[in-house]
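Please keep the structure in view while reading.

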Amino acid sequence: MLKGQLLHPQILGAIARAGHGSRILISDGNYPHSTTRGPNAELVYLNLSPGLVSVTDVLRAVLSIVPIEQAAVMETLKSGSYAMLDDPPVWNEFRKALADAGTPMDLTSIERFNFYRAGAEPDVCLTIASGDQRVYANLLLTIGVVKPPAKA
(Lines give C-alpha, C1' and ligand atoms only; values in the text may rest on other atoms or scores of the structure.)
Protein backbone atom coordinates (compact mmCIF):
# COMPACT_ATOMS: atom_id res chain seq x y z
CA MET A 1 0.00 0.00 0.00
CA LEU A 2 1.34 3.42 -0.98
CA LYS A 3 1.49 6.32 1.41
CA GLY A 4 1.96 9.79 0.01
CA GLN A 5 0.52 12.66 -2.00
CA LEU A 6 0.15 10.74 -5.25
CA LEU A 7 -1.50 7.33 -5.19
CA HIS A 8 -2.95 6.99 -8.70
CA PRO A 9 -1.33 3.85 -10.19
CA GLN A 10 -1.65 4.87 -13.84
CA ILE A 11 -0.07 8.29 -13.21
CA LEU A 12 2.69 6.79 -11.05
CA GLY A 13 3.48 4.22 -13.76
CA ALA A 14 3.64 6.77 -16.57
CA ILE A 15 5.92 9.07 -14.59
CA ALA A 16 8.11 6.17 -13.45
CA ARG A 17 8.70 5.23 -17.12
CA ALA A 18 9.56 8.85 -18.04
CA GLY A 19 12.89 10.58 -17.74
CA HIS A 20 14.62 13.93 -17.90
CA GLY A 21 13.03 16.08 -20.58
CA SER A 22 9.81 14.08 -20.77
CA ARG A 23 6.71 16.20 -20.43
CA ILE A 24 3.44 15.96 -18.53
CA LEU A 25 0.31 17.80 -19.69
CA ILE A 26 -2.25 18.65 -17.02
CA SER A 27 -5.28 20.02 -18.81
CA ASP A 28 -8.56 21.67 -17.93
CA GLY A 29 -11.99 20.28 -18.76
CA ASN A 30 -12.20 22.16 -22.06
CA TYR A 31 -8.93 20.86 -23.52
CA PRO A 32 -9.25 18.55 -26.57
CA HIS A 33 -7.60 15.60 -24.78
CA SER A 34 -8.27 12.86 -27.31
CA THR A 35 -7.52 14.75 -30.50
CA THR A 36 -4.32 16.52 -29.42
CA ARG A 37 -2.60 13.72 -27.52
CA GLY A 38 1.00 12.75 -28.16
CA PRO A 39 1.67 9.27 -29.56
CA ASN A 40 3.49 8.19 -26.37
CA ALA A 41 1.19 9.90 -23.89
CA GLU A 42 -0.89 7.85 -21.54
CA LEU A 43 -4.27 9.57 -21.13
CA VAL A 44 -5.67 9.61 -17.59
CA TYR A 45 -9.15 10.97 -16.94
CA LEU A 46 -9.53 12.65 -13.55
CA ASN A 47 -12.50 14.76 -14.63
CA LEU A 48 -14.84 13.36 -12.01
CA SER A 49 -17.38 16.15 -12.45
CA PRO A 50 -17.30 19.81 -13.53
CA GLY A 51 -14.80 21.56 -11.27
CA LEU A 52 -13.31 18.33 -9.87
CA VAL A 53 -10.40 17.58 -9.90
CA SER A 54 -8.57 20.91 -10.45
CA VAL A 55 -5.32 21.33 -12.37
CA THR A 56 -3.77 22.83 -9.22
CA ASP A 57 -4.70 19.71 -7.20
CA VAL A 58 -3.04 17.51 -9.81
CA LEU A 59 0.00 19.80 -10.01
CA ARG A 60 0.60 19.59 -6.25
CA ALA A 61 0.40 15.80 -6.32
CA VAL A 62 2.78 15.55 -9.31
CA LEU A 63 5.26 17.95 -7.68
CA SER A 64 5.40 15.66 -4.66
CA ILE A 65 7.10 12.91 -6.70
CA VAL A 66 9.02 14.43 -9.61
CA PRO A 67 11.30 17.44 -10.15
CA ILE A 68 10.18 20.00 -12.72
CA GLU A 69 12.53 22.17 -14.76
CA GLN A 70 10.02 24.07 -16.90
CA ALA A 71 6.31 24.93 -16.78
CA ALA A 72 4.41 26.26 -19.80
CA VAL A 73 0.91 27.69 -20.06
CA MET A 74 -1.37 28.50 -22.97
CA GLU A 75 -1.05 32.16 -23.95
CA THR A 76 -4.22 34.15 -23.41
CA LEU A 77 -6.14 35.65 -26.29
CA LYS A 78 -5.93 39.44 -26.52
CA SER A 79 -9.26 39.90 -28.35
CA GLY A 80 -12.58 38.11 -28.58
CA SER A 81 -14.85 36.56 -25.97
CA TYR A 82 -12.02 34.77 -24.11
CA ALA A 83 -9.63 37.74 -24.14
CA MET A 84 -7.66 38.55 -21.00
CA LEU A 85 -5.38 41.52 -20.55
CA ASP A 86 -3.85 40.17 -17.33
CA ASP A 87 -2.67 36.71 -16.38
CA PRO A 88 -5.48 34.33 -15.44
CA PRO A 89 -5.73 33.97 -11.63
CA VAL A 90 -5.03 30.23 -11.88
CA TRP A 91 -1.49 31.00 -13.05
CA ASN A 92 -0.71 32.48 -9.62
CA GLU A 93 -1.83 29.17 -8.11
CA PHE A 94 0.60 27.36 -10.43
CA ARG A 95 3.42 29.70 -9.42
CA LYS A 96 2.66 29.22 -5.73
CA ALA A 97 2.52 25.43 -6.02
CA LEU A 98 5.86 25.39 -7.86
CA ALA A 99 7.44 27.68 -5.26
CA ASP A 100 5.99 25.64 -2.38
CA ALA A 101 7.61 22.54 -3.92
CA GLY A 102 10.98 24.28 -3.94
CA THR A 103 11.02 24.99 -7.68
CA PRO A 104 10.00 28.63 -8.13
CA MET A 105 10.05 29.53 -11.81
CA ASP A 106 8.53 31.75 -14.43
CA LEU A 107 5.76 30.27 -16.54
CA THR A 108 6.55 30.07 -20.26
CA SER A 109 3.64 31.25 -22.38
CA ILE A 110 2.91 29.37 -25.64
CA GLU A 111 0.42 30.51 -28.30
CA ARG A 112 -2.78 28.40 -28.22
CA PHE A 113 -2.31 26.27 -31.34
CA ASN A 114 1.41 25.88 -30.67
CA PHE A 115 0.48 24.74 -27.16
CA TYR A 116 -1.82 22.09 -28.66
CA ARG A 117 1.04 20.97 -30.93
CA ALA A 118 3.47 20.89 -27.97
CA GLY A 119 1.00 18.75 -26.01
CA ALA A 120 0.89 16.30 -28.93
CA GLU A 121 4.66 15.85 -29.28
CA PRO A 122 6.27 12.40 -28.78
CA ASP A 123 8.08 13.54 -25.60
CA VAL A 124 4.76 13.98 -23.74
CA CYS A 125 4.54 10.86 -21.58
CA LEU A 126 1.31 11.65 -19.79
CA THR A 127 -1.84 13.70 -20.39
CA ILE A 128 -4.04 14.20 -17.34
CA ALA A 129 -7.59 15.41 -18.02
CA SER A 130 -8.95 17.35 -15.06
CA GLY A 131 -12.44 18.68 -14.50
CA ASP A 132 -11.13 22.21 -13.98
CA GLN A 133 -13.50 24.76 -15.51
CA ARG A 134 -11.24 27.78 -15.17
CA VAL A 135 -10.14 29.36 -18.44
CA TYR A 136 -6.46 28.84 -19.35
CA ALA A 137 -5.95 26.18 -16.67
CA ASN A 138 -3.61 24.09 -18.85
CA LEU A 139 -0.05 23.32 -17.82
CA LEU A 140 2.75 21.56 -19.68
CA LEU A 141 5.53 20.43 -17.34
CA THR A 142 9.04 19.31 -18.28
CA ILE A 143 10.55 16.72 -15.95
CA GLY A 144 13.89 17.70 -14.46
CA VAL A 145 16.78 15.72 -13.03
CA VAL A 146 16.83 13.81 -9.77
CA LYS A 147 20.11 14.87 -8.23
CA PRO A 148 22.19 12.51 -6.09
CA PRO A 149 22.12 13.16 -2.35
CA ALA A 150 24.83 15.45 -0.99
CA LYS A 151 27.75 13.56 0.50
CA ALA A 152 28.47 14.19 4.14
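Is Tyr 116 buried or exposed? At 16% relative accessibility, Tyr 116 counts as buried, where buried means under 20% relative accessible area, exposed over 50% and partly exposed in between, with a 1.4 Å probe and protein chains only.

The model is predicted: local features need pLDDT of at least 70, side-chain atom pairs count only at pLDDT 80 or more, and totals for chains, interfaces and linings use all residues. Residues are numbered from 1 along each chain as its sequence is written, and side-chain values use heavy atoms, with hydrogens and water left out.

Rings of Phe, Tyr and Trp (its six-membered ring) pair if their centres lie within 6.5 Å; planes under 30 degrees apart count as stacked, over 60 as edge-to-face and the rest as tilted. Tyr 31 and Phe 115 have ring centres 6.3 Å apart and planes at 75°, so this pair is edge-to-face. It joins distant parts of the chain, 84 residues apart: Tyr 31 lies in the loop between strand E1 (23–27) and strand E2 (42–45), and Phe 115 in helix H4 (residues 112–119). Helices (H or I, at least four residues) and strands (E, at least two) are DSSP runs, numbered from the N terminus. Tyr 31 is buried at a relative accessible area of 4%, and Phe 115 is buried at 0% relative accessibility.

Phe 113 and Tyr 116 also form an edge-to-face pair, with 5.9 Å centre to centre and 75° between the planes. Because these two residues are three apart in helix H4, about one helical turn separates them. Phe 113 is partly exposed, at 43% relative accessibility. Ring pairs link Tyr 31, Phe 113, Phe 115 and Tyr 116 into a cluster.
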